[in-house]
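Here's a walk through one model, helix by helix. Have the sequence and the coordinates open as you read.

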Amino acid sequence: MVIHTQPVDPEEVKSLIHQRGQVKGKVTRIKSALDKGKKNPQKITKATLKVYEKKLEAHYQEYVLRHREVIEVVDKKEEQDDVLDVFDQLHTETLVLVEELMEMFNQPQPFRAPIPSFDGQTENWPKFKAMFEDLVGRTRDSDAMKLHHLDKALVGDAAGLITAKMIQDNNYEQVVGLVTLL
């Protein structure tokens, strides 16, 4: 800790406060980019979020360092504590945004192609099954979700082939086998 025995230069105080403000500005710009990313998730990547997370940690450390320097040279320290609280809130909100957007990347992605339908005609089954398995069968979805998609894909003569009991039993592989036999 530096102990000043002579009066502090007001320009030095202004400079330190300005430097601290620049760090806050960096965090504010990151938060603004994240807000835009939340509204339009296609505009942000997981790599960008990881970089922002690292930058936020560095900016926090730099801000605290500049804040300590300001505290050493100003008289009204309580006012400066309020400034630190405001920055801390901004930093926390920004980190929360990073985490929320990261969670979006960890969620299963929705189907990109429409799920095909099966009309009950046996000659259409091989094509339907291949496409359905490719889109739904190999996903990490639960058997219940796969059964739901299969039930919705059955149209015409095939509609209604899956009973409530089949869905309740929650055995996707068995149901696909039964539909194949019908």
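In which helix is Lys24 found? Lys24 sits in helix α1; helices here are DSSP runs of H or I with at least four residues, numbered from the N terminus. A word on the ground rules: this is a predicted model, so local features need pLDDT of at least 70 and side-chain atom pairs count only at pLDDT 80 or more, while totals for chains, interfaces and linings use all residues. Residues are numbered from 1 along each chain as its sequence is written, and side-chain values use heavy atoms, with hydrogens and water left out.

**Helix α1**

Lys24 is partly exposed, with a relative accessible area of 30%. The scale used is: buried under 20% relative accessible area, exposed over 50%, partly exposed in between (1.4 Å probe, protein chains only). Setting aside residues up to four places away in sequence, Lys24 touches Tyr63, Val86, Phe87 and Leu90, where contact means heavy atoms within 4.5 Å.

Gly25 also belongs to helix α1, and it counts as buried at 18% relative accessibility.

| Pair | Apart in sequence | C-alpha to C-alpha |
|---|---|---|
| Lys24 and Ser117 | 93 residues | 54 Å |
| Gly25 and Tyr172 | 147 residues | 53 Å |
| Pro10 and Val74 | 64 residues | 9.4 Å |

Does the length of α2 agree or disagree with its residue count? Helix α2 covers residues 46-73, and its 28 residues should span 40 Å at 1.5 Å a residue; the end C-alpha atoms are 41 Å apart, so the two agree. The expected span is 1.5 Å times one less than the number of residues. Helix α3 has 30 residues and reaches 43 Å from its first C-alpha to its last, close to the expected 44 Å.

How do α2 and α3 run relative to each other, parallel or antiparallel? Their axes come within 10 Å and cross at roughly 170°. That makes α2 roughly antiparallel to α3, the label for angles over 145 degrees. The axes are lines fitted to C-alpha atoms over the stretch in contact, and angles run from 0 to 180 degrees between N-to-C directions. The residues of this contact divide into 15 nonpolar, six polar and eight charged.

His91 is worth a click. This residue of helix α3 counts as buried at 6% relative accessibility. Leaving aside neighbours within four places in sequence, His91 is in contact with Val27, Leu56, Glu57 and Tyr60.

**The cores**

Which residues have the most contacts inside the largest nonpolar core? They are Phe128, Phe132, Leu150, Ile162 and Val175, in a core of 16 residues. A nonpolar core here is a set of buried Ala, Val, Leu, Ile, Met, Phe, Trp, Tyr and Cys residues joined through side-chain atoms within 4.5 Å. Helices α4 (125-137), α5 (143-153) and α7 each supply at least two residues of this core. Apart from it lies another core, of 15 residues, among them Leu34, Tyr52, Leu56 and Val98.

Back to Phe128: not counting residues up to four places away in sequence, Phe128 touches Pro116, Ser117, Phe118, Leu150 and Ala153.

**Two loop asparagines**

Asn124 lies in the loop between α3 and α4 and is partly exposed, with a relative accessible area of 33%. Beyond residues up to four places away in sequence, Asn124 touches Phe118 and Asp119.

Asn170 is in the loop between α6 (164-169) and α7 (172-181), and is partly exposed at 35%. Its phi is near 55°, a positive value in a residue other than glycine. Most residues other than glycine have a negative phi.

Definitions and conventions: Parallel < 35°, antiparallel > 145°, perpendicular 65-115°, else oblique. Nonpolar A, V, L, I, M, F, W, Y, C, P; charged D, E, K, R; others polar.
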